[in-house]
Amino acid sequence: MQLFFSWPASPPQTFLATFTTFRHCPFLITPILLFSLFLLLLVVMLLLLSIHQWRHSKDRRLPPGSMGWPYIGETLKIYTENPNSFFANRQKRYGDIFKTHILGCPCVMISSPEAARIVLVTQAHLFKPTYPPSKEKMIGPEALFFHQGAYHSRLKKLVQASFLPSAIRGSVSEIEQIVLKFLPTWENTTINTLQEMKRYAFDVAMISALGHKQDSEIKGIKHLYQCLEKGYNSMPLDLPGTPFHKAMKARKLLNETLTRLIQGRRKNEKQGGGLLGVLLGSKNQKVDQLSDSQIADNVIGVIFAAHDTTASVLTWVLKYLHDNRDLLEAVTREQEGIQQEIIEANRRLTWDDTRHMPLTTRVIQETLRTASILSFTFREAVQDVEFEGYYIPKGWKVLPLFRSIHHCADFFPHPEKFDPSRFEVPPRPNTFMPFGNGVHSCPGSELAKLEMLVLLHHLTISYRWQVIGDKDGIQYGPFPVPKRGLPVKVTPRKIKAA
């Protein structure tokens with residue numbers, strides 16, 4: 001048996017020796033042949049697999065682009081420089097589809113309306129919504145944003161029911177009362193526009209989320225939410241003393257507070273208004289009622305969604321109207337016409353009034369386009385996907401670039417110019433997506449536009465504002481907003497005598 005442990009002089013000798021051994025040791029033939037056939041089959045399979053992978057890699061190529069530094073990727077670039085420059089430079093170099101690496105994830109960015117529609121609408125089942133795990137922890141894993149399928153569909157219907165025009169038209173008077181409470185506090189003072197707009201948007205969000213009933217715990221909810229917000233965009237280091245750790249402690253207390261509120265309304269059988277009332281009343285024969293944690297996560301999620309973005313848009317509206325005085329005067333004349341009708345009819349501002357503000361509405365639309373508060377949205381490929389001639393591996397993030405589409409000269413001539421008149425004609429399909437598109441588009445878009453219109457009605461009629469300090473510059477944290485939050489001096493408007 002030494003033959004099997006020594007290297008023979010030549011292959012012929014090996015074959016002869018092996019044959020002689022097999023002939024004299026028939027009991028070895030079957031195991032050795034089987035083992036040899038197994039090894040041969042394994043080698044052939046590995047060879048075929050290598051050929052397949054080689055051919056597959058040629059046929060299924062990744063999009064062009066740069067992955068940046070190890071782990072860091074291009075995260076610092078995208079969050080520290082002008083996003084217009086970041087996207088435009090890569091589009092010019094690589095085309096409308098390119099790969100990159102941000103927030104620890106390999107990504108594919110797409111900047112054509114057709115490709116965005118595929119990801120968000122026609123093939124949305126291949127691309128699930130995704131957020132960094134730290135964000136999911138803060139908002140709550142049961143929130144609408146993090147799901148697909150039956151649970152998402154059910155929640156989406158409930159949330160939409162809370163924000164349909166028929167549901168929010170009765171909120172006009174309450175929103176107006178919030179405006180009339182805020183504006184006098186700005187008079188003859190210098191305000192940080194972004195911070196004041198956050199206060200305003202939060203109060204409106206509380207009405208939409210919790211209803212008209214002012215429960216005793218609402219002040220506590222506001223305080224805890226503010227603690228949570230401070231750590232939302234911090235590094236996810238859950239260590240004592242860090243903003244993230246403080247935020248997670250506030251999140252726990254916020255959940256406990258909301259749970260008490262939810263259980264109290266269940267016990268009293270008073271569901272109340274707003275999203276909370278809708279979620280508490282959700283029950284049918286096929287599906288049990290939502291749990292306390294499901295309701296709490298979705299209430300917190302709506303407050304998050306209705307807060308920062310709306311405040312950022314309003315900050316830009318004031319900036320653009322400040323820089324375009326003729327436009328500001330035209331908007332004022334439109335609002336004065338509505339005010340005259342209100343005075344003559346001896347009534348308050350109504351939902352129907354807000355439907356008759358075409359110029360003011362176009363100003364908001366152009367602000368949404370120009371500022372593009374949401375530069376992109378995150379999706380994740382749920383399987384390997386062939387896309388526009390490229391291969392997107394399972395688990396890669398896919399980012400439709402709303403900002404790039406909104407600033408494309410092919411769809412919006414002279415995109416750097418603030419020109420509300422461009423919206424006198426509806427934009428091409430899939431070229432204007434400030435609230436996203438498809439099944440995961442923002443359900444609260446009508447409420448956001450309503451609270452902007454109500455504020456602008458009273459602000460333009462009664463006040464004027466002057467930017468303090470540097471009038472230009474943008475800061476990113478994480479949404480693009482005017483530098484330093486746009487500090488302005490607010491003064492009463494001087495009405496010229498007829």
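Author: Start with the polar contact: a pair of N or O atoms within 3.5 Å, where within protein one must be able to donate a hydrogen and the other to accept it, and residues adjacent in sequence count only if both atoms are side-chain atoms. Here the side chains of Asp-384 and Tyr-391 make one at 3.3 Å. The side chain of Asp-384 also reaches the backbone nitrogen of Lys-394, at 2.8 Å.

Reader: What should I know about the model and its numbering?

Author: The model is predicted, so local features need pLDDT of at least 70 and side-chain atom pairs count only at pLDDT 80 or more, while totals for chains, interfaces and linings use all residues. Residues are numbered from 1 along each chain as its sequence is written, and side-chain values use heavy atoms, with hydrogens and water left out.

Reader: How many helices and strands does the protein chain have?

Author: Helices (H or I, at least four residues) and strands (E, at least two) are DSSP runs, numbered from the N terminus. The protein chain has 19 helices and 12 strands. Asp-384 sits in the loop between β5 (379-381) and β6 (385-387).

Reader: Is Asp-384 buried, exposed or partly exposed?

Author: Buried means under 20% relative accessible area, exposed over 50%, and partly exposed in between (1.4 Å probe, protein chains only). Asp-384 is partly exposed because its relative accessibility is 36%. Across the protein chain, buried residues make up 47% of the 498 residues.

Reader: And where is Asp-297?

Author: Asp-297 belongs to helix α14 (residues 292-323). Asp-297 counts as buried because its relative accessibility is 4%. Its side chain makes a polar contact of 2.7 Å with the side chain of Arg-251.

Reader: Which residues is Asp-297 in contact with, leaving aside neighbours within four places in sequence?

Author: Contact means heavy atoms within 4.5 Å. With those neighbours left aside, the partners of Asp-297 are Ile-139, Gly-140, Pro-141, Glu-142, Ala-143, Arg-251 and Asn-255. For the protein chain, take contacts between residues at least 6 apart in sequence: 72% of them join residues at least 24 apart.

Reader: Now sheets. What is the order of strands in the open sheet of 3 strands?

Author: Two strands pair if DSSP finds at least two bridges between them. The order in this open sheet is β4-β12-β9, with antiparallel pairing. β4 (189-192) and β9 (463-467) are at the edges; each has a single partner strand, so one side of each lacks a neighbour in the sheet. Between β9 and β12 (residues 487-492) there are 5 bridges. Trp-465 stands opposite Val-490 in β12.

Reader: Which helix lies across β4, β9 and β12?

Author: Angles run from 0 to 180 degrees between N-to-C directions, and axes are lines fitted to C-alpha atoms, for helices over the stretch in contact. Helix α9 (residues 172-186) lies across these three strands, at about 120° to β4.

Reader: How many bridges join β1 to β2?

Author: Strands β1 (residues 97-102) and β2 (residues 105-110) run antiparallel, joined by 6 bridges. Phe-98 stands opposite Met-109 in β2. Their hairpin has 2 residues between the strands, and Leu-103 takes a positive phi near 50° there. On to β8 (residues 397-400): β2 runs parallel to β8, with 4 bridges. Val-108 stands opposite Val-398 in β8.

Reader: Last, what does UniProt place at Cys-442?

Author: UniProt positions are in the numbering used here, feature names are shortened, and annotations may be inferred rather than shown by experiment. The unreviewed UniProt entry places the feature "binding site" at Cys-442. Cys-442 lies in the loop between α18 (402-406) and α19 (445-462). With a relative accessible area of 31%, Cys-442 is partly exposed.
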